[in-house]
Amino acid sequence: MQEPVRPVSGFNLPRYLSMQPLFQEMDALELDRLAQGCTLHRFARGEMVFRVGEPCNAFHVAVTGQVKLYVVSPAGAEKVIEIVGPGQSFAEALMFTGRPYILNAQALADSLVLSIGKATVVGEIEREPRFAMRMLAGISRRMHGLIHDVESYALHSGIQRVIGYLLRDQVAEDCVSGEVLTVSLPVSKATIASRLSLTPEYFSRVLHELEAAGLVRIDRREVHILDVLRLSTYQPR
């Protein structure tokens, strides 16, 4: 990992920590103490945050940018596990195992990453058991997300996975008929395809099929959903 960058101009670390769900119940003294165990790192697009096999002595928060969590098969195929955006944390559960990282993390854009040391986290848990409960809640949410992913891969077709991704923030029944919604693809189509356990070619083919069916209009990285209800119930011929 890169040498920590200190200071970052205009960055108030205790204030930033206070705005994160995991730390928002801490008082000023606790936040100052936690900040002493944190480091900030800048990563250029494409740089590795950590690699499989490196010691895991901290968990991390993406302050700005995006971080891709992924594994590589013995044959060299890449599988994206998660795409982490600003304010999201990662590697909490790995930190407590006492083992090296079992996946890779790479910056998808110029990113600022906050690392919170294990010794500091353990110290706060010993002082305040409620902090441990908040850590467990965060880890549980991530586990539920992974279980949902496994369920989707096992029970849903490729088209259903793509539609589910496009509608992930929408409730079809709440949308006005004829209303056009725009979804911006935050990363490359290849990265999204890997996240959905699809090939890039199949992902693109599904998008074009949905466009041909009059359900979406594609404009580079923007997908304009023309009919949310029809898209949510679409069945290929």
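The conversation below takes up the terms and sets values against definitions.

Modeller: To begin, this is a predicted model, in which local features need pLDDT of at least 70, side-chain atom pairs count only at pLDDT 80 or more, and totals for chains, interfaces and linings use all residues. Residues are numbered from 1 along each chain as its sequence is written, and side-chain values use heavy atoms, with hydrogens and water left out.

Colleague: What pLDDT does the protein chain average?

Modeller: The average is 85, and 90% of the residues score at least 70; pLDDT is the predictor's confidence in each residue, from 0 to 100. Over residues 1-7 the pLDDT is below 50.

Colleague: How many helices and strands has the protein chain?

Modeller: There are nine helices and 11 strands. Both are DSSP runs numbered from the N terminus: helices are H or I with at least four residues, and strands are E with at least two.

Colleague: Why is Thr120 called buried?

Modeller: Buried means under 20% relative accessible area, exposed over 50%, and partly exposed in between, with a 1.4 Å probe and protein chains only. Thr120 has 19% relative accessibility, and therefore counts as buried. Its place is in helix α4.

Colleague: Is Gln66 buried or exposed?

Modeller: Gln66 has a relative accessible area of 19%, so it is buried. Gln66 sits in the loop between β3 (58-64) and β4 (67-72).

Colleague: What makes Gln88 partly exposed?

Modeller: The relative accessible area of Gln88 is 36%, and therefore Gln88 is partly exposed. This residue belongs to the loop between β5 (78-84) and β6 (89-90).

Colleague: Why does Arg220 count as exposed?

Modeller: Arg220 reaches 76% relative accessibility, so it counts as exposed. Its loop runs between β10 (216-219) and β11 (222-225). Arg220 also has a positive phi of about 60 degrees, although it is not a glycine.

Colleague: Which residues are in contact with Thr120, leaving aside its neighbours within four places in sequence?

Modeller: Contact means heavy atoms within 4.5 Å. With those neighbours left aside, Thr120 is in contact with Arg33, Leu34 and Gly37. On the same terms, Gln88 is in contact with His60, Val61, Ala62 and Ile83.

Colleague: How do you know that the buried residues of α2 line one face of the helix?

Modeller: The buried residues of helix α2 (residues 28-35) are Glu30, Leu31, Leu34 and Ala35. Seen down the axis of α2, they fall within an arc of 135 degrees, so they line one face of the helix. The arc is that of the directions from the helix axis to the C-beta atoms. On the other side of α2, Ala28 and Leu29 are exposed. The buried residues pack against α1 (13-18), β1 (38-43), β8 (111-117) and α4 (118-127).

Colleague: What makes helix α6 (residues 158-166) mostly covered?

Modeller: Seven of the nine residues of α6 are buried; among them are Gly158, Ile159, Arg161 and Tyr165.

Colleague: Which residues have the most contacts inside the largest nonpolar core?

Modeller: A nonpolar core is a set of buried Ala, Val, Leu, Ile, Met, Phe, Trp, Tyr and Cys residues joined through side-chain atoms within 4.5 Å. The largest has 37 residues, and those with the most contacts inside it are Leu17, Phe23, Phe50, Phe59, Phe90, Leu114 and Ile116. Apart from it lies another core, of 27 residues, among them Ile159, Ile218, Val223 and Leu231.

Colleague: What share of the residues of the protein chain counts as buried?

Modeller: Of the 237 residues, 43% count as buried.
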